[in-house]
Amino acid sequence: MPRIRYELPGGLRPSRLTERRVFYARLMDYAAAERWFSAFPGERLFALILGRHSGVYPRRFRSLKNLSLLVEDARAVRDLRPYLLKYLPEGVYYDRNAYASVAEARRTRLDYAHAWRSGLFLGQELAFDLDPENLDCPVHGDIVAKMRRHQGLSFCDWEFEETRRQAAELHDRLAAEWSRLAVVYSGRGFHVHVLDADAYALTKAERTALARRYGRRFALDEWVTSGEMRLIRLPFSLHGMVSRVVVPVPRGRLDTFRYDDARTVPAFVRT
Ligand SMILES: [Zn+2]
């Protein structure tokens, strides 16, 4: 019997390459993605992952399929378009680090993983990544049981709804300390972004303390909050493993938001 690697609820499925091409050519809202960055300081890097989780990628890029491919010369989201149409990635990300100049970082061969001490580093956007696989599901068990079955990226309706409930609770708790919060549906779970200027200035130690504090209560990927994992999904891009658009969800609509919401289902799924 073939091993079923991923189980996804409600008709969620990986996108075909032809669908990715249609999305990046005609459906992606590049202007909305650009507006997401309107209040951000400095410059940023983008990254593409071609086929690491879906196993779907253009055959000629087989050697690159599992890598995070950095795009260093896209200053605006629209500059990504030729790269998206060439590589047809399953996922599009940005580095939450803000740099004074990416061109200068590239020229001086800055090691992005150790940018904190560089004069080009302006700060890092604070974010919380809530993943359904980190939940202890009454049906599917804990993360260890899921990994044992090679289903670390699977999720069910119970896990989706519990992740959404946690995103709302986390948002409301963070609202006591921060004022510019955004919840984003990431395709499987939710991200809570903190866009306050002073959140960019947090030290690594302060971020680690936040990750530990909230990680005790929420199904967090603590590496994202601590800053070790810098990449996060670009809002308005396609999550190619589930064929859903990554979208910000206003807090007032979060409690009833579902992965079949019209804003997140791309036209190629509906037709
Ligand atoms: Zn489950």
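Leaving aside its neighbours within four places in sequence, with which residues is His-193 in contact? In this predicted model, local features need pLDDT of at least 70 and side-chain atom pairs count only at pLDDT 80 or more, while totals for chains, interfaces and linings use all residues. Residues are numbered from 1 along each chain as its sequence is written, and side-chain values use heavy atoms, with hydrogens and water left out.

His-193 is found in strand S8; helices (H or I, at least four residues) and strands (E, at least two) are DSSP runs, numbered from the N terminus. Beyond those neighbours, His-193 is in contact with Trp-36, Tyr-94, Glu-125, Leu-126, Ala-127, Arg-180, Leu-181, Ala-182, Val-184 and Ile-232, contact meaning heavy atoms within 4.5 Å. His-193 is buried, at a relative accessible area of 0%; buried means under 20%, exposed over 50% and partly exposed in between (1.4 Å probe, protein chains only).

Ser-186 sits in the loop that runs between strand S7 (181–185) and strand S8 (190–194). This serine is buried too, with a relative accessible area of 6%. Apart from neighbours within four places in sequence, Ser-186 is in contact with His-191, Arg-233, His-239 and Val-246.

Next comes the zinc ion. Its protein donors are Cys-137 (SG), His-140 (ND1), Cys-156 (SG) and Glu-159 (OE), at 2.0 to 2.3 Å. Donors are N, O and S atoms within 2.8 Å of the metal (3.2 Å for Na, K and Ca), and sites may look incomplete, as water is not among the atoms. The 4 donor atoms subtend angles of 101 to 118° around the zinc ion, so the arrangement is tetrahedral, a label for four donors with all angles between 85 and 135 degrees. His-140 belongs to the loop between strand S6 (126–130) and helix H5 (143–148), and Cys-156 to the loop between H5 and helix H6 (157–174), so the pair ties together parts that are 16 residues apart in sequence. His-140 is partly exposed, with a relative accessible area of 23%, whereas Cys-156 is buried at 11%.

Helix H1 (residues 17–27) has Glu-19, Arg-20, Phe-23 and Tyr-24 as its buried residues. Seen down the axis of H1, these residues fall within an arc of 130°, so they line one face of the helix; the arc is that of the directions from the helix axis to the C-beta atoms. Their cover includes helix H2 (30–36), helix H3 (81–87) and strand S3 (91–95).

Technical notes: Four donors count as tetrahedral if all angles lie between 85 and 135 degrees; four count as square planar and six as octahedral if opposite donors are over 155 degrees apart and all others between 65 and 115; anything else is irregular.
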